[in-house]
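Please look over the sequence and the model, then read the points below by topic.

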Amino acid sequence: MKQFYKAKNLLKLSFLFVVLFSIISVANSCKNDDKDEYKDHIIRFEAKIVNGTGSGTGTFKTVVTQIGTAQTTTFNPTGTSWASEEKFVSSSQSQLNLAANAVLPNADSKLIVNIWVDGEVAKTDTATGSGEKSVAVAHSFLEL
């Protein structure tokens, strides 16, 4: 009779242990779902003109930046380099775009655009030649 009583208590204790383990497992798995999946980044846009070996100086016509759906256009910026201020951007914005248009003076002149994310160049592109040139880059925070 005592063995039957001990077996019954052991069965109850085992059942209680399984239920308690299940509740703890479910609670721990739900904690991971509460993590914020978006991260803040420091971004900066940059465009520059390299005049090349001939005479003349290149001039910007337009520089267009876009963070998420917010677009900003700068007409006729002065000088041969343009840079935005550093901005904190959440990766929830998903998309960064930069486009520049300039008149270049020489055949070896270059128009270079860069998107900087957290102090490193994330995207860059270059247009080379004389006359009116355009170049655009895009960076996505979405992992494909």
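Two residues are in contact when heavy atoms of theirs lie within 4.5 Å. On that basis, among the contacts of the protein chain between residues at least 6 apart in sequence, 62% join residues at least 24 apart. The model is a predicted one, and its protein chain holds one helix and nine strands.

**Overall architecture**

- Along the sequence, the elements of the protein chain follow the pattern α-β-β-β-β-β-β-β-β-β.
- The protein chain has 144 residues, of which 26% count as buried.
- Its accessible surface comes to about 9,900 Å², and carbon and sulfur atoms account for 56% of that surface.

**The nonpolar core**

- The largest nonpolar core has 22 residues, and those touching the most other members are Ile-43, Phe-45, Phe-60, Leu-96, Leu-98 and Leu-111.
- At least two residues of this core come from each of strand E1 (40-50), strand E2 (59-67), E6, E7 and strand E9 (131-140).
- The element that gives the most to this core is E6, with five residues.
- Leaving aside neighbours within four places in sequence, Leu-96 is in contact with residues including Ile-43, Phe-45, Ile-67, Val-89, Ile-115, Val-117, Val-137 and Phe-141.
- The contacts of Leu-96 also include Gln-66 and His-139.

**The helix and a nonpolar surface patch**

- Helix H1 spans residues 2-31 and contains Leu-16.
- Leu-16 has a relative accessible area of 53%, so this residue counts as exposed, the threshold for that class being over 50%.
- Together with Leu-10 and Leu-13, Leu-16 forms a nonpolar patch on the surface, and the three have about 320 Å² of accessible area together.

**Salt bridges**

- Side chains of opposite charge can pair when their charged atoms come close.
- The count of salt bridges comes to two.
- In one of them, the side chains of Arg-44 and Glu-46 meet with an N to O distance of 3.7 Å.
- Glu-46 counts as buried because its relative accessibility is 15%, and the class takes in values under 20%.
- Glu-132 and Lys-61 form a salt bridge in which the closest N and O atoms are 3.0 Å apart.
- Because Glu-132 lies in strand E9 and Lys-61 in strand E2, this pair ties together parts that are 71 residues apart in sequence.
- Lys-61 has 33% relative accessibility and therefore counts as partly exposed.

**His-41 in strand E1**

- His-41 is a residue of strand E1, and with 11% relative accessibility it counts as buried.
- The side chain of His-41 makes a polar contact of 2.7 Å with the side chain of Asp-118.

**Residues in loops**

- Ser-109 sits in the loop between strand E6 (95-104) and strand E7 (110-117).
- Although it belongs to a loop, Ser-109 is buried, its relative accessible area being 0%.
- A polar atom of the side chain of Ser-109 lies 3.0 Å from the backbone nitrogen of Asn-106.
- Beyond its neighbours within four places in sequence, Ser-109 is in contact with Val-50, Asn-51, Gly-52, Leu-104, Ala-127, Thr-128 and Gly-129.
- Ser-92 belongs to the loop between strand E5 (87-90) and E6, and a relative accessible area of 38% makes this residue partly exposed.
- The C-alpha atoms of Ser-92 and Lys-39 are separated by 7.7 Å, while the two residues are 53 residues apart along the chain.
- Asn-76 is found in the loop between strand E3 (70-75) and strand E4 (81-83), and at 56% relative accessibility this residue counts as exposed.
- Not counting residues up to four places away in sequence, Asn-76 touches Phe-60 and Lys-61.

Methods: Residues are numbered from 1 along each chain as its sequence is written. This is a predicted model: local features need pLDDT of at least 70, side-chain atom pairs count only at pLDDT 80 or more; totals for chains, interfaces and linings use all residues. Side-chain values use heavy atoms; hydrogens and water are left out. Helices (H or I, at least four residues) and strands (E, at least two) are DSSP runs, numbered from the N terminus. Buried means under 20% relative accessible area, exposed over 50%, partly exposed in between (1.4 Å probe, protein chains only). A polar contact is a pair of N or O atoms within 3.5 Å; within protein, one must be able to donate a hydrogen and the other to accept it, and residues adjacent in sequence count only if both atoms are side-chain atoms. Patches are made of residues with over 30% relative accessible area and no salt bridge: like charges are joined within 9 Å, nonpolar side chains (Val, Leu, Ile, Met, Phe, Trp, Tyr) within 5 Å. Accessible areas come from the Shrake-Rupley method with a 1.4 Å probe; for residues, only the protein chains shown count as cover. A salt bridge is a side-chain nitrogen of Lys or Arg within 4 Å of a carboxyl oxygen of Asp or Glu. A nonpolar core is a set of buried Ala, Val, Leu, Ile, Met, Phe, Trp, Tyr and Cys residues joined through side-chain atoms within 4.5 Å.
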